[in-house]
Amino acid sequence: MGHLFRMRHLARELRSRDLPFVFFVNDHAPSLQLLQQDQLPFETVDLNHVEQWAQAAIRRTQARLWINDRLNTSLAQAHAVKQTGIPLATFDDRGDGASLADLHIAALAFTADQPLGGRRVARGHEYLILNPEIAHFRRQRVKVERILVSMGGTDTYGATVKVVALLRRRGLGATVVIGPGFEHRAALDTELHAQFQLKVAVPSLIEEMSRHDMAVVGGGITAFEAATSGLPAIVVANEDFEIPVARYLASLGVARYAGHHSALNEAAFAIPEDVANMSMAGLDKVPLNGTEKVCQLIQELA
C-alpha cells in the first residue's frame, strides 16, 4: 500500500502539470477503491507477470515513459519495457531489473555500500514524495500527551498488535490507526482496552497525525511524513530493508529506532525527554518539495 500512496501523490503532481498517466495495479479491492476515490485512471493486471502484457499496454496507451514503483523489479519485467524503446524510471528498487532503469529515484537508500542499479540514480531524502497536505499541519511539539500508532496500510506481520501490547505493558494508551488491508483484527482486539482508540482507514492520516505529539510507525514514507510535520516518532522496522531507514531517521534526531518487529526494544518506547528538539529537527531537516524535484527529473526523461 505504501507504494500506491506514494504514486497517488506523484499522480496528483503529474495531473497539475497536464501530464496524462494510467496506473497498472493488481486486482486488490482496497487499492482500487482508493484509485476510484481519487478519480485516477487505472487498469487491473497481474503484476507477477508484467513481461506478458507490458508491451501491448505500452502500445495501446501510447506511453512515453514507464514508472515502476516496486520493491524488486525482475530483469524480465524491466527488459519487456525497455524493448519498446521508452525510458524506465524506478523507485527504491532492489531487484535486478533496476540495472536497466534510465532513472532510479532512491530516496530511501541510506547505506554507503548499498548497490543501486540504474543509468542515473537520484539518491537522498530530498527526493522523497510526501503528502502535500502536510504543509497545512506542520508545528513543533514540546511535550507528549497523545500517541499515535500507524504501522502501514496492510501491516503484513501484525506489528500493530505487538506495539499495542508493549504500550499496554508500559501503562500507555494511544490512537491506533489500521489501514484497509489490515488482516490481524482478531489479535488486535484482544490487546485493546479503554486507553486505546481504534480507527480504521482514516480519511487523512496526515490530519490524524496533526492531533498527536508522538507516533509509532514503520520504517517507510510515513516516518518521514511524521518528521516533516514536526511529529517525533518511534520507528519499527517491518522489513529488513527498513532497518537502515530507521537508523537514518534516528541519526537525523527526528526519531528513535525500536528495532525489527520480531525483536522490539521495549526501552525505546519510553517517552522522550527531548521532544521539542526532535520535533524541530524534523521541521528543519526533512523538506516537502521532493515531489516537484522528482517530477522535473521525470519530465526531463520523457
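Select Ala 201 to begin: with a relative accessibility of 40%, Ala 201 counts as partly exposed. That label has cut-offs: buried is under 20% relative accessible area, exposed is over 50%, and partly exposed is in between, using a 1.4 Å probe and protein chains only. You're looking at a predicted model, where local features need pLDDT of at least 70 and side-chain atom pairs count only at pLDDT 80 or more, while totals for chains, interfaces and linings use all residues. Residues are numbered from 1 along each chain as its sequence is written, and side-chain values use heavy atoms, with hydrogens and water left out.

**Stop 1: two positive phi angles**

Stay on Ala 201, in the loop between strand E9 (196–200) and H7. Helices (H or I, at least four residues) and strands (E, at least two) are DSSP runs, numbered from the N terminus. Ala 201 isn't a glycine, yet its phi is positive, near 50°.

Now jump to Asp 18, in the loop between H1 and strand E1 (23–25). Asp 18 also has a positive phi without being a glycine, at about 60°. Is Asp 18 buried or exposed? Asp 18 counts as exposed, at 68% relative accessibility.

**Stop 2: salt bridges**

Side chains of opposite charge can pair when their charged atoms come close. Here a salt bridge is a side-chain nitrogen of Lys or Arg within 4 Å of a carboxyl oxygen of Asp or Glu, and the structure has 16 of them.

Select Asp 69 and Arg 6, a salt bridge whose closest N and O atoms are 2.7 Å apart. This pair links distant parts of the chain, 63 residues apart: Arg 6 is in helix H1 (residues 2–16), and Asp 69 is in the loop between strand E3 (66–68) and helix H4 (75–82). Arg 6 is buried, with a relative accessible area of 6%, and Asp 69 counts as buried at 12%.

Next, show Asp 102 and Arg 119, another salt bridge, with closest N and O atoms 3.6 Å apart. Asp 102 sits in the loop between strand E4 (88–91) and strand E5 (103–106), while Arg 119 is in the loop between E5 and strand E6 (121–123). Asp 102 counts as buried at 13% relative accessibility, but Arg 119 is exposed at 62%. For a group of partners, select Lys 199, Glu 207, Glu 208 and Arg 211: salt bridges that share partners join them into one network.

**Stop 3: Glu 208**

At 3% relative accessibility, Glu 208 counts as buried. Which residues does Glu 208 touch, not counting those up to four places away in sequence? They are Leu 148, Thr 175, Val 177, Lys 199 and Val 202, where contact means heavy atoms within 4.5 Å.

**Stop 4: two crossing helices**

Show H1 and helix H11 (residues 290–301), whose axes come within 10 Å and cross at roughly 65°. Axes are lines fitted to C-alpha atoms, for helices over the stretch in contact, and angles run from 0 to 180 degrees between N-to-C directions. From H1, select His 9, Leu 10, Glu 13 and Leu 14; they meet Thr 291, Glu 292, Val 294, Cys 295 and Ile 298 in H11.

**Stop 5: H8 and its surroundings**

Move to helix H8 (residues 221–228), where 7 of the 8 residues are buried. These buried residues include Phe 224 and Ala 223. What do the buried residues of H8 pack against? Among their partners are H1, helix H7 (205–210) and helix H10 (275–285). After H8 comes Gly 230, with a positive phi near 90°.

**Last stop: the nonpolar cores**

A nonpolar core is a set of buried Ala, Val, Leu, Ile, Met, Phe, Trp, Tyr and Cys residues joined through side-chain atoms within 4.5 Å. Select Leu 10, Ile 105, Phe 224, Val 235, Leu 249 and Val 294: of the 54 residues in the largest nonpolar core, these touch the most other members. Apart from that core lies another of 24 residues, including Val 149, Leu 167, Leu 192 and Ala 258. Finish on Val 235: leaving aside its neighbours within four places in sequence, its contacts include Val 217, Ala 223, Leu 249 and Tyr 257.
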